[in-house]
Amino acid sequence: MFDGYDSCSEDTSSSSSSEESEEEVAPLPSNLPIIKNNGQVYTYPDGKSGMATCEMCGMVGVRDAFYSKTKRFCSVSCSRSYSSNSKKASILARLQGKPPTKKAKVLQKQPLVAKLAAYAQYQATLQNQAKTKSAVSVEGFSWGNYISSNSFIAAPVTCFKHAPMGTCWGDISENVRVEVPNTDCSLPTKVFWIAGIVKLAGYNALLRYEGFENDSGLDFWCNICGSDIHPVGWCAASGKPLVPPRTIQHKYTNWKAFLVKRLTGAKTLPPDFSQKVSESMQYPFKPCMRVEVVDKRHLCRTRVAVVESVIGGRLRLVYEESEDRTDDFWCHMHSPLIHHIGWSRSIGHRFKRSDITKKQDGHFDTPPHLFAKVKEVDQSGEWFKEGMKLEAIDPLNLSTICVATIRKVLADGFLMIGIDGSEAADGSDWFCYHATSPSIFPVGFCEINMIELTPPRGYTKLPFKWFDYLRETGSIAAPVKLFNKDVPNHGFRVGMKLEAVDLMEPRLICVATVTRIIHRLLRIHFDGWEEEYDQWVDCESPDLYPVGWCQLTGYQLQPPASQSSRESQSGSSKQKKKAKSQQYKGHKKMTTLQLKEELIDGEDYNFLQGASDQESNGSANFYIKQEP
């Protein structure tokens with residue numbers, strides 16, 4: 001644990017006696033350098049680049065400030081004393097941890113040490129600023145206060161495989177020790193101290209400085225993946241001062257021994273933790289990449305869009321025909337709603353041809369291997385057929401699971417699904433689900449799991465019974481064996497907090513809670529909002545994130561809605577969250593008339609299977625006009 005610390009001098013300025021009042025502690029290893037001056041404790045590296053250690057008194061400081069060309073001594077006095085008869089005795093005393101000579105103590109005045117520390121910190125700060133950026137906080141909302149004041153628990157990072165560190169979080173848990181900035185200090189420079197994790201909430205950790213025992217007075221929350229959180233030993237390796245908090249500064253006279261006892265056998269972050277965080281936040285999607293994405297106004301088809309920006313793996317896509325670049329759509333790079341150029345043609349999916357006949361300068365097609373892979377299926381045997389009934393999450397009202405019908409079977413396992421009783425005559429509100437999608441279910445799923453099934457609009461024979469409905473419509477249920485029955489050990493529990501995308505306005509990420517778990521299906525509630533805005537989401541959805549994700553990536557988090565804000569918007573439409581920004585229009589139900597009128601504005605095409613990628617964005621001769 002102490003790898004990286006170098007030889008040290010004894011902590012003695014507050015006591016002239018070798019007898020200690022604290023309980024007996026283990027011997028101090030010689031690789032924890034601590035310099036104490038006027039009650040202050042500093043830790044510096046020994047022999048690091050830009051630093052030097054006085055061979056006489058043991059003082060550590062900036063090399064350029066040392067005496068002589070060789071920079072072996074901190075002053076003329078130490079240089080002369082080194083060659084005197086006291087040379088051997090002084091060195092032996094320093095190595096044994098005994099008090100330095102009076103002359104050495106005079107040389108270690110507070111202003112000089114503070115200036116040296118400030119200079120070292122200044123240099124480090126310049127380097128850090130060039131490598132990292134500060135996290136974004138949400139004004140008026142604190143996850144830490146929200147969780148602490150309500151005794152909430154948060155979903156662990158390991159539940160989110162698509163999130164940074166989701167697959168390499170390791171054993172980070174309570175009692176892990178880290179080095180963090182010491183905010184309880186009056187020094188003019190940034191100093192650090194060791195703290196232990198008291199509670200974890202996603203990426204956020206409640207920390208307590210070492211030495212406070214059961215005193216929570218200075219406990220604080222921080223993002224464990226932040227640039228100021230380091231494994232124990234980082235200060236020594238990086239030349240940063242290690243100073244105990246002012247509140248407990250005089251609690252112990254031998255801080256070195258205290259730390260050795262407290263840290264021996266304790267866990268800390270891996271040495272390469274910050275590197276892993278950085279690597280896990282590198283994303284293959286780049287601006288100017290072209291993709292096919294669902295048309296937010298007509299879910300039955302896709303359109304070409306261009307990646308405008310990437311934040312934490314989330315893409316802001318701008319539809320290619322948007323001249324002012326405001327017609328956009330947000331989704332994660334692993335979303336099932338985006339595909340490579342040519343995907344629609346390859347499976348026979350509807351596609352809105354772009355008015356742009358050639359790629360704009362700098363735009364290029366996204367490599368197909370970057371998209372989320374779907375499970376391969378065998379359609380040669382028993383398979384889904386048009387007209388089969390099933391249950392499906394309504395993509396336009398994600399709080400409901402509805403009676404649905406397979407309207408078209410596409411290639412590669414994709415299906416076009418329509419919600420019974422609310423379909424447009426031309427099928428313009430059909431939605432594409434893969435056969436392995438966790439958003440479609442066999443007939444009877446809701447009844448078995450005590451979920452309210454939404455019957456077809458206008459269906460009056462209630463309560464709804466599948467047996468009667470199948471007989472009345474002359475339909476058959478899709479075979480149960482064709483549905484995805486895999487249930488991963490996801491780790492979610494009812495009541496866990498997280499950050500979730502409002503899929504009705506997908507640019508927004510909100511404070512949310514898991515309220516129900518049905519196998520792999522999660523019921524997500526947006527804190528502060530009525531249950532009618534809840535959403536059914538798969539446990540592996542890329543639209544769910546750990547607490548602290550927005551702060552880590554710099555994305556704006558929507559805090560819980562207050563009662564006053566809800567009441568002030570009570571007269572607004574119930575199709576979306578009223579208090580949120582109206583700049584982005586999410587999916588919403590539209591009448592058949594609206595859909596037909598809007599289809600006049602942009603022609604809708606169905607690809608001939610076998611057409612080339614060039615044809616999918618070129619001449620209309622290679623398209624067939626889509627029929628209802």
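In what sense do strand 6 and strand 10 pair, and over how many bridges?

1. Residues are numbered from 1 along each chain as its sequence is written, and side-chain values use heavy atoms, leaving out hydrogens and water.

2. To return to the opening question, strand 6 (residues 177-181) pairs with strand 10 in the antiparallel sense, over two bridges. Strands here are DSSP runs of E, at least two residues, and helices are runs of H or I, at least four, numbered from the N terminus; two strands pair if DSSP finds at least two bridges between them. Valine 178 stands opposite proline 231 in strand 10.

3. Helix 7 (residues 255-263) packs on the sheet, touching strand 6 and strand 7. Contact means heavy atoms within 4.5 Å.

4. Seven of the nine residues of helix 7 are buried, so this helix is largely enclosed by the rest of the structure. Buried means under 20% relative accessible area, exposed over 50%, and partly exposed in between (1.4 Å probe, protein chains only). Among the buried residues are Trp255, Phe258 and Leu263. Just after helix 7, glycine 265 takes a positive phi of about 85°.

5. A word on confidence: pLDDT is the predictor's confidence in each residue, from 0 to 100. The chain has a mean pLDDT of 77, with 68% of its residues reaching 70 or more. Over residues 1-49, the pLDDT is below 50. Where pLDDT is low, the predicted coordinates should not be read in detail.

Conventions:
This is a predicted model: local features need pLDDT of at least 70, side-chain atom pairs count only at pLDDT 80 or more; totals for chains, interfaces and linings use all residues. Axes are lines fitted to C-alpha atoms, for helices over the stretch in contact, and angles run from 0 to 180 degrees between N-to-C directions.
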